[in-house]
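Please keep the sequence and the structure in view while reading.

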Amino acid sequence: MKSNGSLIYGLVLVIGDFLALLAAFVVAFILRGRLSNIPVAHPIHSTTYIKVFFILLPFWILVFALLGMYSSSIQEKRFTEASRLLVGSFIGLIFVAAYAYFSNKPVFPAKLVPVYGFSLAFLFLLVFRNSARAVRANLFTYGYGITNILIIGNTKVAQDLVESLANYRISGYRIIGVVANKSHSIEKYPQLPVFETFEQAVQKLRADDVHAIVQTELFASNERNNEILEFAQANHISYRFVPGNSELFVGNIEVELFRSSVPVIAVHQTALLGWGRIVKRLFDLIVGLAFLLVASPFMLLIALINLPASGSVFFRQPRLTRFNNEFTVFKFRSQYKKYDGTTPEEAFALMGKPQLAKVYRQNGDFLSKDPRITAFGRFLRRTSLDELPQLFNVLRGDISLVGPRALVPQELSEYEKKHAILSVKSGITGLAQVSGRRTIPPAERRKLDLYYVQNWSLWMDIMILVKTVRAVFRRNGAA
């Protein structure tokens, strides 16, 4: 029997969104119409009010559907889901307002009701969606809503899929077989059935027990490829193909006609293109200037304290940003001046403690009591106040508020995908910083930087900034 887990979950989302929206505007009605002592402009009976929303909310749900809110592809993308909920809530509110205008009938008893309703709708929807996601994950642990998947291919992608989906109680996918004539690709999981050919898998497995097929490589024979696709279509099985060069098909992808007749897939290094770069620059200027105005008194105080403590106020260092351009980064000095321009290995050798370099690297480029750092510098790094002068770099256009970490050329030269990271401006903060900062290894930080480059959105920038403020106050992973 085919798995209906995704269908049921989608239905739950539709019903839950409807109830969340209804609850939001009922609470808004109570807050302004019942609990407030101020007379309302358009007295409306509560029954009439609720009836109107029962009629209009299905159209609001339709707006959500058009925004892809019930597509399985968005269910695990929390940032994208939240941004579309915000947009959908705003469009739905406009629809209700338009109905009130054209019907010439008051819908809201007072002007504050739609304001309350919009705010509460977004909040209730977020709470419901996250709660539904948590409940679904919990049901996986009991074996409910599991999707049976057949993986085809000898590639590294197939191995990665097996490793990521092996525990069905977490992933929601149960691997019922792997078609691979090189069983060493899944040697860590000897309990998984391995089939040398797709024909063998079809003979051993019941078609009704296969809910999804993922093919990770194209065979030389088109007949073999067509056989898999036709089997999936004939038995109404979900089919996905992972291209051999999977890293090529990430970021911003467009399907277009080349020379008006040949369909091609255009793959860009980053989603930050066209209007996105303009919006991001305006965002950097406006928010960066606001941050600088707020931070100016603190920066002046730090400068006065830092001058006698370290011999100079600012630390300057060449870093890399977009298109491999080098710029000078500004930070409040936190280490002794004599170690300027030295690598950690050179600095520790200079002080006669070369063994610390190995400990520093093994600990993810971090020492809890780094002898290069001044006493006041430790406070600045612990609170991230040493980063404040980089706001000048933002206003100059050297870097952005959010982006991959600006690294020195020697550090980034060791990373094989530096060209992808350098397709956007570096940033003061980024996805790696809010995901653990110094508590995750450098290689993992570069992967997070790469994910940001390929999946940028303005909403992601906003969420990263919010999480950065929270991380700074909590001192999560601070140096």
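## The chain as a whole

A residue is called buried when its relative accessible area is under 20%, exposed when over 50%, and partly exposed in between (1.4 Å probe, protein chains only). By this rule, buried residues make up 44% of the 479 residues in the chain. The model is predicted, with local features needing pLDDT of at least 70 and side-chain atom pairs pLDDT 80 or more, while totals for chains, interfaces and linings use all residues. Residues are numbered from 1 along each chain as its sequence is written, and side-chain values use heavy atoms, leaving out hydrogens and water.

The chain holds 18 helices and eleven strands, which are DSSP runs numbered from the N terminus (helices H or I, at least four residues; strands E, at least two).

## Two packed helices

Helix α3 (residues 78-103) packs against helix α18 (residues 458-474) at an angle of about 110 degrees, with the axes 9 Å apart. Angles run from 0 to 180 degrees between N-to-C directions, and axes are lines fitted to C-alpha atoms, for helices over the stretch in contact. Because angles under 35 degrees count as roughly parallel, over 145 as roughly antiparallel, 65 to 115 as roughly perpendicular and the rest as oblique, α3 and α18 are therefore roughly perpendicular to each other.

## A nonpolar surface patch

Helix α4 gives the largest share of a nonpolar patch, three residues. Y116 is found in helix α4, and this residue counts as partly exposed because its relative accessibility is 31%.
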